[in-house]
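Please walk through this protein with me, from the overall picture down to single residues. Keep the sequence and the model open side by side as you read.

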Amino acid sequence: MSAFDRGLSAADAGTGRYTAPDWDDAVDPRAGDEERVVESALRPNSLADFIGQPKVARQLDLVLEGAKRRGRPPDHVLLSGPPGLGKTSLALIIGSELGTGVKITSGPAIERSGDLAAMLSNLAPGDVLFIDEIHRIARPAEELLYMAMEDFRVDVVVGKGPGATAIPLEINPFTLVGATTRAGLLTGPLRDRFGFVGQMEFYETADLQKVLARSAGLLGVELTADGSAEIAGRSRGTPRIANRLLRRVRDFAEVKADGRVTLEVARAALTLYDVDDLGLDRLDRSVLDALVTKFGGGPVGVSTLAVAVGEEPHTVEEVCEPFLVRAGLLARTPRGRVATEAAFRHLGHAVPRGGVPLSGGTGDAPSDGSSAATLFDA
């Protein structure tokens, strides 16, 4: 059985995919293997049912309609953006709109060019090949992909050394849909071969309420308007988080209330799950609290900050920081991480006299979060 000839949930759980963390993180935008099984039941089946991303949806609709009228596969599609915004859903919708099959794999699962050649040779005419986290594909496989995307042909090398022979292998015309959370890591030659690039944006609260209303209908949950607004406001602009919180609030409503998700029930449930009114969870608040109370607001390196909260540096950097920066609660500077005035106010602490020390600009710190000039990591 090939890497993509399994069910959706199994394919999504392939090598290199994200595995759920040991802690109970209600607002992590990534999904573990088990959660993807639940997500598959909530995914829309057409662009008409897809909520949010209006610009990408309109542009993609034109691309697909034009291809159907010409009777040819559409241009290759690249979808980029943070996790949880619907890239996999759009890939499946593309196959549904075209009436073709969708084969699913992930970049880390393609370790050799031969793996990719086998996948491509098994595609039926017009099929959609979806590669998640495409920026992590192995370089030999990526170079093989160039020819496949342009000429629908791959060269299979037989033998080794001076006697090696490249045998050209024709493959059926297909559409590649690549998804990435880090578009900057894509090589130029690969990025240039995509005819359509869609940048996914975080959702507005109103769009998240529409997502919640649709999911509540599918789950059989009675969701009031104010309850929906409360959940949407704490979902970090991410549909995956909104659906996850809805399921947890549903459980609370069924056990502790009459089953209806109202404003009061939603607030009580989210308080129980440590999700505050901004969408911060226990780990987010721990990071901010350590930064404010133990280090005076910073600057401090991410390694020291991680030790202070008892987590790994990559967890703080990849799970907490993106939203804290976007929410204006934390700033990355060349000298380290700094809490903003909004962070002090959110935690109920007085803002230091003279303001918060953001000296050194707001550029990104080194990837390991430390620097010889960092105040507490020196």
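This is a predicted model: local features need pLDDT of at least 70, side-chain atom pairs count only at pLDDT 80 or more; totals for chains, interfaces and linings use all residues.

What follows is a short tour of the fold, its cores, its strands and a few individual residues.

The protein has 15 helices and eleven strands. Of its 378 residues, 48% are buried. Now consider contacts with a sequence separation of 6 or more. Residues 24 or more positions apart account for 71% of them.

Next, look inside. In soluble globular proteins, nonpolar side chains tend to be buried together. The largest nonpolar core here has 44 residues. Those with the most contacts inside this core are Leu60, Leu90, Ile94, Val177, Ile231, Val249 and Val261. Which element gives the largest share of this core? Helix α10 does, with seven residues. Another core lies apart from the largest one. This other core has 24 residues, among them Leu78, Ile137, Ile171 and Phe174.

Leaving aside residues up to four places away in sequence, Leu90 touches Leu47, Phe50, Val56, Leu60, Leu79 and Met200. One of these partners, Leu60, is also listed among the residues with the most contacts inside the largest core.

Now turn to helix α10 itself. Helix α10 covers residues 239–256. Is this helix mostly covered or mostly open? Mostly covered: 14 of its 18 residues are buried.

Move on to the strands. Strand β3 takes in residues 128–132, and five of its five residues are buried. Both faces of β3 are covered. Val128, Phe130 and Asp132 lie on one side, and Leu129 and Ile131 lie on the other.

What does β3 pair with? Strand β2, residues 102–106, runs parallel to β3 and is joined to it by five bridges. Within that pairing, Thr105 has Ile131 as its bridge partner in β3. Between these two strands the chain passes through helix α5, residues 113–121. This β-α-β crossover is right-handed. Strand β6, residues 175–180, also pairs with β3 in the parallel sense, over five bridges. Here the bridge partner of Ile131 is Gly178 in β6.

Strand β10 (residues 330–333) and strand β11 (residues 336–339) pair over four bridges. A hairpin of two residues joins β10 to β11. Arg332 stands opposite Arg337 in β11.

Now for aromatic rings. How many aromatic pairs does a search of the whole structure find? One. The pair is formed by Phe152 and Phe174 and is edge-to-face. The ring centres are 5.7 Å apart, with 75 degrees between the planes. The pair links distant parts of the chain, 22 residues apart. Phe152 sits in the loop between α6 and β4, and Phe174 in the loop between β5 and β6. Phe152 counts as partly exposed, because its relative accessibility is 21% and the cut-off for buried is under 20%.

A few single residues complete the tour. Arg139 lies in helix α6, residues 139–151. Its relative accessible area is 47%, so Arg139 is partly exposed. Arg139 and Glu111 are 28 residues apart in sequence, yet their C-alpha atoms are 8.6 Å apart in space.

Finally, check two backbone angles. Glu133 is not a glycine, but its phi is positive, about 50 degrees. Glu133 is placed in the loop between β3 and α6. At 16% relative accessibility, Glu133 counts as buried. Asp274 also has a positive phi, near 60 degrees, in a residue other than glycine. Asp274 is found in the loop between α11 and α12. With a relative accessible area of 35%, Asp274 is partly exposed.

Note on methods: Residues are numbered from 1 along each chain as its sequence is written. Side-chain values use heavy atoms; hydrogens and water are left out. The expected span of a helix is 1.5 Å times one less than its number of residues. Buried means under 20% relative accessible area, exposed over 50%, partly exposed in between (1.4 Å probe, protein chains only). A nonpolar core is a set of buried Ala, Val, Leu, Ile, Met, Phe, Trp, Tyr and Cys residues joined through side-chain atoms within 4.5 Å. Contact means heavy atoms within 4.5 Å. Two strands pair if DSSP finds at least two bridges between them. A crossover is right-handed if, with the strands pointing away from the viewer, the path from the first strand over the helix to the second runs clockwise. Rings of Phe, Tyr and Trp (its six-membered ring) pair if their centres lie within 6.5 Å; planes under 30 degrees apart count as stacked, over 60 as edge-to-face and the rest as tilted.
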